[in-house]
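Visitor: Hey, could you walk me through this one? I'd like to start with how the parts touch.

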Amino acid sequence: MRDLFEGAQSIMHRLEEAGFQAYMVGGCIRDLLLDREIGDIDIATSALPAEVSSLFQKTIPVGIKHGTVIVRQESVSFEVTTFRKEGKYVDRRHPSSVEYIESLEVDLARRDFTINAMAMDRFGRIHDPFGGRQDLQNQLIKTVGNPSERFLEDPLRIMRALRFWSVMGFSLETETKRACVSLSKELKEIAVERLAVEFIKLLRGRDAAGCLAFIFEEGISSSLPELERFKDRSDSLSSFDWTRLESDEERWAALLFLLGVTDLPGFLKSWKRSNALIREAGLLFGFLDKDVRQPLYLYELGEERAASCLRMRNLLQGKKASEDVQELKESYRGLPIHSRKQLAVNGRDIVKVFEREKGPWIQKVLGEIEKSVLEKTVQNNKEEILSWVRSWKE
Ligand code: ATP
Ligand code: MG
């Protein structure tokens with residue numbers, strides 16, 4: 001983390017030497033003041049994107065339209081963004097124009113919440129024109145300016161407010177909360193991918209349970225993909241310990257399981273999740289009601305996934321997540337085989353026994369052998385397997 005700050009300081013120093021202003025801004029200041037781990041540092045500057053690019057060796061013009069240039073410093077990326085002010089919002093999602101400005105304060109004023117609208121200079125001096133520090137102390141999420149206006153400008157902020165609530169365990173300030181609920185229909189205007197980014201962060205948060213309960217109680221669920229249909233089961237979400245889950249696949253699988261969803265791919269496609277996530281979450285989901293300690297399931301899932309399923313099942317049954325997990329791992333390691341390749345016979349051996357033309361039947365036979373080896377009705381030994389297979393012909 002120190003390196004991160006040193007990197008940022010050297011960038012700010014360089015910008016200042018060239019006659020520009022530069023500050024660390026946004027989430028990193030919030031997290032610094034809370035003594036939380038800092039993911040990345042964003043820098044705001046009076047320098048224009050082209051000026052930023054000309055001052056540093058390694059830069060990537062990621063969001064020139066929004067005034068952002070990535071500056072690479074010893075393989076760490078810093079987003080350096082020109083102070084800006086957003087023009088009127090044309091469609092409540094995209095500002096019609098971005099205007100570069102000279103003032104830090106105006107740049108801070110466009111930010112969503114007071115706790116995200118602070119800046120710090122190279123010497124550690126904090127700029128906090130909207131009382132962010134006070135709100136951090138009071139554990140409040142409060143918009144910069146009028147909440148209804150700010151949510152109408154960009155309804156994603158409603159989802160962000162809920163996300164920060166869950167992640168930080170803070171409360172929504174009264175007016176902010178009221179506007180979140182009364183304007184929640186506006187969420188329908190927002191691209192699902194952007195909603196999903198915030199929603200999954202919400203599920204990772206320390207108060208996912210409370211936040212999900214609120215989403216259903218206040219009908220915000222009706223403006224989010226798929227959720228409303230499963231409202232009847234939403235109580236189960238608030239009594240589940242979300243903080244014990246270890247991956248996003250587990251989070252989606254748990255969510256769908258608790259809601260009683262049957263069509264997992266359909267649900268996750270509505271949330272525009274990737275095929276890889278749908279596959280992984282689907283595997284976990286499909287085994288949540290099974291005893292994955294059985295050899296065949298262990299083999300099919302692999303060690304990590306099986307452990308994941310068992311932990312989730314324990315949680316769903318109100319047990320300690322780690323119960324029996326060590327034993328499961330040992331059972332996995334003790335399986336006679338871990339892949340079909342480890343079988344003592346192969347397709348050729350099988351063709352010889354049956355003297356039939358090659359075809360899909362071979363895989364079927366191998367599958368049967370695999371199963372019996374795993375269940376230990378037959379040993380993984382060529383002679384034994386072949387004599388067992390020969391006995392079928394009789
Ligand atoms: P995280 O730690 O999860 O990255 P963050 O606060 O850094 O949290 P980002 O999404 O990375 O969140 O945004 C960086 C900063 O940009 C925020 O702190 C906030 O100041 C500003 N910001 C981001 N999204 C919006 C938005 N929709 N409206 C207004 N300001 C925003
Ligand atoms: Mg960030």
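**Domains and contacts**

Guide: Nine residues of domain 2 are in contact with 11 residues of domain 3, where contact means C-beta atoms, placed from the backbone, within 7 Å. By class, the domain 2 side that touches domain 3 has six nonpolar, no polar and three charged residues. Here Ala, Val, Leu, Ile, Met, Phe, Trp, Tyr, Cys and Pro count as nonpolar, Asp, Glu, Lys and Arg as charged, and the others, Gly among them, as polar.

Visitor: What kind of model is it, and how are things numbered?

Guide: This is a predicted model, where local features need pLDDT of at least 70, side-chain atom pairs count only at pLDDT 80 or more, and totals for chains, interfaces and linings use all residues. Residues are numbered from 1 along each chain as its sequence is written, with chains lettered from A and ligands numbered from 1 in the order in which they are written.

Visitor: Which domains does the domain assignment give?

Guide: Domain 1 (1-132), domain 2 (139-230), domain 3 (245-335) and domain 4 (341-393); the bounds come from an automatic or database assignment. The C-alpha centres of domain 2 and domain 3 lie 28 Å apart.

Visitor: OK, helices. At what angle do α9 and α12 cross?

Guide: Roughly 90°, with the axes of α9 (residues 192-204) and α12 (residues 248-259) coming within 10 Å. Axes are lines fitted to C-alpha atoms, for helices over the stretch in contact, and angles run from 0 to 180 degrees between N-to-C directions. The two helices are therefore roughly perpendicular, a label for 65 to 115 degrees; under 35 is roughly parallel, over 145 roughly antiparallel and the rest oblique.

Visitor: Which residues meet there?

Guide: I200, L203 and R204 in α9 meet D248, R251 and L255 in α12. That contact has three nonpolar, no polar and three charged residues.

Visitor: Switching topic: what's around ligand 1?

Guide: The shell includes G26, G27, D42, R111, D112, D154, R157 and R160, near meaning a C-beta atom, placed from the backbone, within 6 Å. Its classes are two nonpolar, four polar and six charged residues. Domain 1 and domain 2 each supply at least three residues, and the largest share, three residues, comes from helix α7 (residues 156-168).

Visitor: And how many helices and strands are there?

Guide: The chain has 20 helices and 11 strands, counted as DSSP runs numbered from the N terminus (helices H or I, at least four residues; strands E, at least two).

Notes. Contact = placed C-beta atoms within 7 Å.
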